[in-house]
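Dear colleague,

Please find the structure below, handed over for your own work. My findings follow it, grouped by topic.

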Amino acid sequence: MSGKEYRTITDVKGPLVFLNKTEPVAFGEIVQLRLSDGTMKNGQVLDTSDDQVIVQVFEGTASVDRQTGVKFMGDVFKLPVSTDLIGRILDGAGRPRDGGPEIVADEMADIIGAAINPYSRESPEAFIQTGISAIDACTSLVRGQKLPIFSAAGLPHNDIALQIARQAKLVGSDDDFVVVFCAMGITAEEYNFFVHDLERTGALENACLFVNLADDPAVERLITPRLALTAAEYLAFEHDYHVLVIYTDMTNYCESLRQIGAAREEVPGRRGYPGYMYTDLAMLYERAGLVKGKKGSITQFPILTMPGDDITHPIPDLSGYITEGQIVISRELHQKGIYPPINVLPSLSRLMNAGIGPDKTREDHKSVSDQLYAAYAQGRELRGLVAIVGEDALNERDLQLLKFSDIFENQFLRQGRDEDRSIGEGTLDYAWELLSNIDTKYLVRLDQKWIDKYHPTEKKE
Amino acid sequence: MSEENGVIYRISGPVVTAMGISPRMYEVVRVGDEGLMGEVIELHGDQSVIQVYEETSGISPGEPVIRTGQTLSVQLGPGLLTKIYDGIQRPLPELEQTMGVFITRGVDADGLDLEKIWDFAATAKAGDEVSPGAVLGTVQETETIEHRVMVPPGTSGVIKSIKSGEFNVTQTVCTLEDGTEIAMMQKWPVRTPRPFVQKYAPDTPLITGQRILDFLFPLAKGGTAGIPGPFGSGKTVTQQQLAKWSDAQIVVYIGCGERGNEMTEVLTEFPHLIDPHTGKALMNRTTMIANTSNMPVAAREASVYTGITIAEYFRDMGYDVALMADSTSRWAEAMREISSRLEEMPGEEGYPAYLSSRLAEFYERAGRVETLSGDDGSISVIGAVSPPGGDISEPVSQGTLRIVKVFWGLDAGLARQRHFPAINWLNSYSLYPPSLNQWYRDNISNDFPEVRTEISALLQVESELQEIVQLVGSDALPVDQQLTLEVARMIREFFLQQNAFHDVDTYSDLKLQYTMAKAILSFQEESKKALAGGAMLEDVVNVPARSDLMRGRFAEGYAEKIEGLLDDMNKQISATMEAN
């Protein structure tokens with residue numbers, strides 16, 4: 001490709017630059033802009049034709065004028081990858097942010113990432129113990145899964161994500177996780193919180209951070225997660241690492257997507273978000289998993305804050321259709337002072353059934369989890385009834401369930417920020433103990449054989 | 001075939017505009033130096049707008065565009081079963097061999113294995129006059145399915161020669177007097193429905209082994225059903241249960257824009273599943289199409305047509321085919337995405353104005369038909385819909401509900417209580433029972449329709465009573481209504497709930513379903529008698545044999561034991577009278 005510099009900008013609109021009279025430019029090509037004062041900016045081709053090329057400028061278009069020089073680099077966006085990425089902090093466009101040297105590339109990896117052939121995927125089925133009972137018992141996580149945290153402003157999703165990053169392990173294996181952390185538009189304060197915690201536990205040496213903060217260019221956020229996932233794929237599939245990708249906050253990413261859509265005058269979908277947002281999100285979330293013949297894996301923990309606590313908002317909604325479940329953080333529980341305030345009822349892990357059971361967790365896991373859900377759901381429903389008619393109107397069964405819902409929240413859900421419960425004794429046995437507050441005849445989800453074996457007072461030795 | 005060369009003028013994501021060629025609408029073209037596959041979707045002056053089935057980054061204006069003269073077609077013939085394809089019928093295992101675990105581009109692969117040798121047994125003979133759809137011979141394609149090699153539509157004449165023996169799919173097996181050579185493979189354009197003689201009204205249920213579906217909201221063979229539901233409510237599990245257990249002879253499963261790991265689960269699980277009807281591997285009757293959410297969006301748009309064309313081909317052989325599309329919302333979104341790149345005037349919520357007619361055309365390819373050869377074949381279509389926020393007032397759900405005859409409404413509230421399948425019994429419906437009732441009377445029991453009505457009436461009554469209970473508590477109700485609540489709870493927990501992951505509970509045959517429903521009604525009747533005789537409700541509902549009856553459904557051989565368990569329960573209920 002020619003190294004020609006064009007000065008043919010016709011329009012500048014929001015983050016987009018339009019120029020004409022270029023030689024053929026490839027779709028997706030990387031662009032360098034040289035401003036009259038010598039500053040450089042980067043961009044990418046969004047639309048190309050013989051007459052006009054549209055470039056999205058990552059750093060924003062401030063100070064761009066008609067004299068700005070535009071150079072097409074003849075290649076699509078690539079990230080220099082090597083195992084040296086581990087322990088480094090990079091900015092949202094992949095440049096060192098920690099004052100360290102440039103990354104010496106082992107290989108240049110295309111950041112768009114190709115789709116994994118569904119036939120070449122391996123089924124995720126290795127249980128990850130997070131040490132958090134609500135997750136381990138009710139929405140079990142498996143290696144290769146993408147499980148977002150649906151939270152909202154003012155809730156402790158960051159603490160939960162960090163606790164998971166700290167405690168996550170495979171039962172009966174010492175393989176450690178490498179954490180790839182991707183920040184999109186979070187505040188410096190939140191960022192410091194993450195970095196301090198990773199430093200405190202020594203995890204920083206085993207992590208790679210891509211950071212785009214709230215005052216960094218918004219458009220850059222569209223490539224930050226792609227860089228993070230490209231690094232993750234390289235580490236997982238070329239170097240056998242088990243990678244845990246945490247990205248926050250997906251809501252900021254989607255806002256940027258909407259901004260570009262609006263600047264291009266596209267026909268908007270729901271709430272102004274572009275119609276292709278589902279596909280765009282899928283291109284990120286689907287880069288999780290295991291691949292035949294490779295030892296490594298990518299497990300994703302996207303964090304998103306639901307605008308107005310609304311789970312039907314397009315961002316959580318489209319995410320929920322792609323990810324393999326969700327962990328929902330509840331304001332109500334948080335206000336009751338319960339940590340982690342995970343509402344297990346709308347939470348779900350779609351890969352749970354593959355990851356639990358005999359040889360993986362324990363044979364009674366599925367039954368126990370179903371019973372916890374059913375009893376807690378009914379108990380919560382009864383709270384509404386009690387508020388109207390009082391406890392006197394309840395029959396014996398309903399009274400027990402009502403009582404159980406409080407026990408469940410205060411004892412099962414509640415745990416310390418550094419409390420690491422094992423799946424067997426810490427979580428499942430504890431669940432049995434709490435369930436024994438309900439008469440066995442009301443525990444219809446439990447197979448009799450598990451009652452005989454695990455029920456604290458009714459088991460037959 | 002007229003080959004013409006043009007050049008790329010513009011590229012915007014999956015939509016490419018070419019100049020200098022004048023192709024037909026929906027013609028397949030090769031785009032760029034790498035020869036990416038695309039389809040012409042709009043002609044505009046001297047520009048042709050092409051949707052490209054592969055990733056377009058790195059392609060520049062000025063690269064060539066080449067016509068192929070053909071519309072998007074699939075290859076039909078022996079070798080379709082047990083296969084897994086992407087949206088444009090490229091077999092995924094072969095793509096893995098040629099390009100590794102990540103799907104790159106510019107690779108072409110035949111839908112059928114052109115080299116594989118099949119044992120063709122001629123059934124027609126020289127001198128026979130044959131018309132389109134006539135069966136020429138058979139191939140044992142898999143252990144359970146006999147592939148019937150047919151005369152392709154548009155061909156007829158007198159057979160000059162035909163021979164049994166070993167052939168691959170492109171070799172001539174039959175020659176007609178006029179010199180036409182017929183091979184086992186035929187091609188068919190996916191956007192055109194395959195011809196048939198006439199459509200019949202469905203009169204046989206598609207039995208799925210799922211109690212709530214078969215018993216309350218049955219689907220007929222040749223019928224259409226829609227499953228809308230918010231995420232996490234169990235659409236995919238329900239679809240997979242249907243793919244596993246429904247008594248169709250052929251199953252086509254389209255994973256359209258869904259999760260990669262989910263498809264993998266299907267792929268790893270299916271080969272190990274045994275068909276309860278034949279005792280052989282289920283995979284033997286299955287073709288899968290997997291175009292996951294991150295695979296190119298244009299191929300996702302095509303995947304639904306690829307699937308239904310394969311289904312029609314098997315229907316033409318006289319088979320009952322069930323087609324599952326998971327999810328049609330992703331298909332609609334693919335249409336929306338392409339439409340917006342074309343800068344078309346949008347309809348509701350940005351979807352193209354032709355959304356509902358495309359949906360209707362697709363579902364209309366279902367049905368029970370008289371095939372060209374005079375046989376009877378059917379396609380039942382079950383489409384999952386993923387409405388944003390679970391709100392079915394959106395265009396895809398509404399467009400679907402206007403067409404389908406069965407609505408299985410999934411409910412987030414039920415899913416949250418882990419009531420699975422989370423199908424809401426109050427708002428779901430099926431329009432087929434009137435045409436199926438005779439079949440139930442003849443094959444299951446004469447009072448089957450009445451039992452169904454009674455069960456659904458009880459559920460209705462329960463929902464009304466629940467409103468009162470919400471206000472005053474259940475103790476304030478008269479005893480007979482409290483009993484009704486207990487009976488309804490039994491229907492919900494014992495009958496409607498079904499554990500898809502439990503070895504035994506995952507499938508109930510229709511006879512057992514009927515027996516279970518009768519057992520519930522019998523509990524109601526005996527309890528009424530006991531209560532009239534002075535028994536306490538508390539004692540009646542808590543007889544131990546009742547929970548044995550209910551838990552028993554998880555044990556092997558429940559069908560043989562249920563009568564005995566029922567007797568025990570009834571005896572114990574009668575005994576509660578004497579206790580007082």
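**A salt bridge within chain A**

A:Arg362 has a relative accessible area of 15%, and it therefore counts as buried. Please note that the model is a predicted one. The side chain of A:Arg362 meets that of A:Asp429 in a salt bridge, with 2.8 Å from N to O. A:Arg362 sits in the loop between helix H9 (352–355) and H10 of chain A, whereas A:Asp429 belongs to helix H12 (residues 423–435) of chain A, so the pair ties together parts that are 67 residues apart in sequence. A:Asp429 is partly exposed, its relative accessible area being 32%.

**Other salt bridges**

Over all chains, the structure holds 75 salt bridges. One of them joins A:Glu5 to A:Arg7, where the closest N and O atoms are 3.2 Å apart. A:Glu5 counts as partly exposed because its relative accessibility is 30%. A:Arg7 is also partly exposed, with a relative accessible area of 47%.

A:Asp398 and A:Arg397 form a salt bridge as well, and their closest N and O atoms are 3.4 Å apart. Buried or exposed: which applies to A:Asp398 and A:Arg397? Both residues are buried.

Salt bridges also link several residues of chain A into a network, namely A:Glu332, A:Lys336, A:Arg380, A:Arg383, A:Asp406 and A:Glu409.

**The interface of chain A and chain B**

The two chains bury about 6,400 Å² between them, and 53% of this area is on carbon and sulfur atoms.

A:Arg350 of chain A forms a salt bridge with B:Glu262 of chain B, the closest N and O atoms lying 3.9 Å apart.

**Helix H6 of chain B**

Helix H6 of chain B covers residues 328–341, which is 14 residues. From its first C-alpha to its last, the helix reaches 20 Å, close to the 20 Å expected at 1.5 Å a residue. Of the 14 residues of H6(B), 13 are buried, so the helix is largely enclosed by the rest of the structure.

What caps the N-terminal end of H6(B)? The cap is B:Ser327, which has a side-chain oxygen 3.2 Å from the backbone nitrogen of B:Ser329. After H6(B) comes B:Glu343, with a positive phi near 55 degrees.

**Three further residues of chain B**

B:Glu27 has its place in strand S3 (residues 27–31) of chain B. Its relative accessibility is 0%, so B:Glu27 counts as buried. Not counting residues up to four places away in sequence, B:Glu27 touches B:Gly38, B:Glu39, B:Val40, B:Arg67, B:Thr68, B:Gly69, B:Gln70 and B:Thr71.

B:Ser246 lies in the loop between helix H3 (235–245) and strand S23 (250–256) of chain B. With a relative accessible area of 0%, B:Ser246 is buried. Residues up to four places away in sequence being left aside, the residues that B:Ser246 touches include B:Leu206, B:Thr208, B:His277, B:Arg285 and B:Met324.

B:Pro93 is part of helix H1 (residues 92–99) of chain B. This proline is partly exposed, having a relative accessible area of 23%. Leaving out residues up to four places away in sequence, B:Pro93 touches A:Tyr119 of chain A and B:Ile84 of chain B. B:Pro93 and B:Gly179 are 86 residues apart in sequence, and their C-alpha atoms are 37 Å apart in space.

With kind regards

Key: Residues are numbered from 1 along each chain as its sequence is written. Chains are lettered from A and ligands numbered from 1 in the order in which they are written. This is a predicted model: local features need pLDDT of at least 70, side-chain atom pairs count only at pLDDT 80 or more; totals for chains, interfaces and linings use all residues. Side-chain values use heavy atoms; hydrogens and water are left out. Helices (H or I, at least four residues) and strands (E, at least two) are DSSP runs, numbered from the N terminus. The expected span of a helix is 1.5 Å times one less than its number of residues. Buried means under 20% relative accessible area, exposed over 50%, partly exposed in between (1.4 Å probe, protein chains only). A polar contact is a pair of N or O atoms within 3.5 Å; within protein, one must be able to donate a hydrogen and the other to accept it, and residues adjacent in sequence count only if both atoms are side-chain atoms. Buried area is the accessible area (1.4 Å probe) that two parts lose on being put together, summed over both. A salt bridge is a side-chain nitrogen of Lys or Arg within 4 Å of a carboxyl oxygen of Asp or Glu. Contact means heavy atoms within 4.5 Å.
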